[in-house]
Amino acid sequence: MTTIAIISQKGGAGKTTLALHLAAAAHDSGRVALVIDTDPQATASQWAAWREEAPPEVIDSPPPRLAAKVAQAKAQGAQFIVIDTPPHADSAARAAVEIADLVLIPCRPSAFDLSAIQTTAKLVQLLRKPAFVVFTAGSPNAPRVYQEASELVESFGTPACPIQIPDRAAFRHASAEGRTVMEYEPTGKAADDVQQIYEWTCRQVGISTHVVKPARKGKVAA
């Protein structure tokens with residue numbers, strides 16, 4: 001089982017979008033995928049409600065119960081767990097990082113957002129977990145911006161993911177309909193972005209990109 005933590009101390013970084021789409025890509029590849037929503041705003045849980053039980057499954061959890069929820073999910077057959085965390089919540093971020101195999105830090109490639117991730121970078125370094133910054137919501141055609149942003153986060157001690165999730169209308173349209181961009185526009189650029197970052201994530205944790213899905217042992221209790 002693989003556990004990915006999505007953390008950022010700044011709001012509006014695209015944590016929930018990344019979490020949901022990574023889990024959806026894992027499901028599409030044949031894995032039993034689960035999103036654990038630790039954000040009191042419950043955006044991921046609301047999206048799941050709009051989908052009316054369509055996978056990936058989303059459950060909520062307060063930070064103190066997170067480790068127990070992950071253990072329960074593993075016992076019930078979950079293979080790919082993504083933890084969505086709230087902004088400005090050190091306890092939730094720390095709890096997620098402690099049990100994660102890999103930490104992804106979404107960040108817009110702007111000066112204020114880049115400055116704000118230093119706290120998050122220090123946390124993953126303190127806990128000695130592999131982590132990467134994922135640039136989100138920037139221009140699809142700004143290689144120099146991403147290069148400069150990558151150099152800056154490298155100076156914080158946390159490398160940048162080579163795959164970006166730029167601002168594309170498909171993400172907004174799909175979310176409004178309770179869908180993924182793969183469902184909304186299967187051959188679109190946003191769907192390709194998601195597939196690329198999912199495959200890259202699999203390589204970081206040493207798992208295959210496609211599997212034969214086993215039988216579920218039941219839904220994880222919320």
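A salt bridge is a side-chain nitrogen of Lys or Arg within 4 Å of a carboxyl oxygen of Asp or Glu. In this predicted model, R31 is buried yet has no salt bridge. The model also holds 0 disulfides.

**R31: position**

- R31 sits in the loop that runs between α1 (15–28) and β2 (33–37).
- Its relative accessibility is 6%, so R31 counts as buried.
- G77 is 46 residues from R31 along the chain, and the C-alpha atoms of the two residues are 9.7 Å apart.

**R31: charge and polar contacts**

- The nearest side chain of opposite charge to R31 is that of E199, at 10.0 Å. The cut-off for a salt bridge is 4 Å.
- The R31 side chain makes a polar contact of 3.0 Å with the side chain of Y198.
- The side chain of R31 also reaches a backbone atom, the oxygen of S208, at 2.6 Å.

**Cysteines**

- The count of disulfides is 0, where a disulfide requires a pair of cysteine sulfur atoms within 2.5 Å.
- C107 is in no disulfide, and the nearest cysteine sulfur to it belongs to C161, 13 Å away. C107 has a relative accessibility of 1% and therefore counts as buried.
- C202 is likewise in no disulfide; its nearest cysteine sulfur is that of C161, at 12 Å. With a relative accessible area of 0%, C202 is buried.

Definitions and conventions:
Residues numbered from 1 in each chain as written. Predicted model: local features only at pLDDT ≥ 70, side-chain atom pairs only at ≥ 80, totals over all residues. Heavy atoms only, no water. Buried < 20%, exposed > 50% of the residue type's maximum accessible area, 1.4 Å probe, protein only. Helix = DSSP H or I, 4+ residues; strand = E, 2+ residues; numbered from the N terminus. Polar contact = N/O pair within 3.5 Å; in protein donor to acceptor, adjacent residues only side chain to side chain. Lys, Arg positive; Asp, Glu negative; His and termini not counted.
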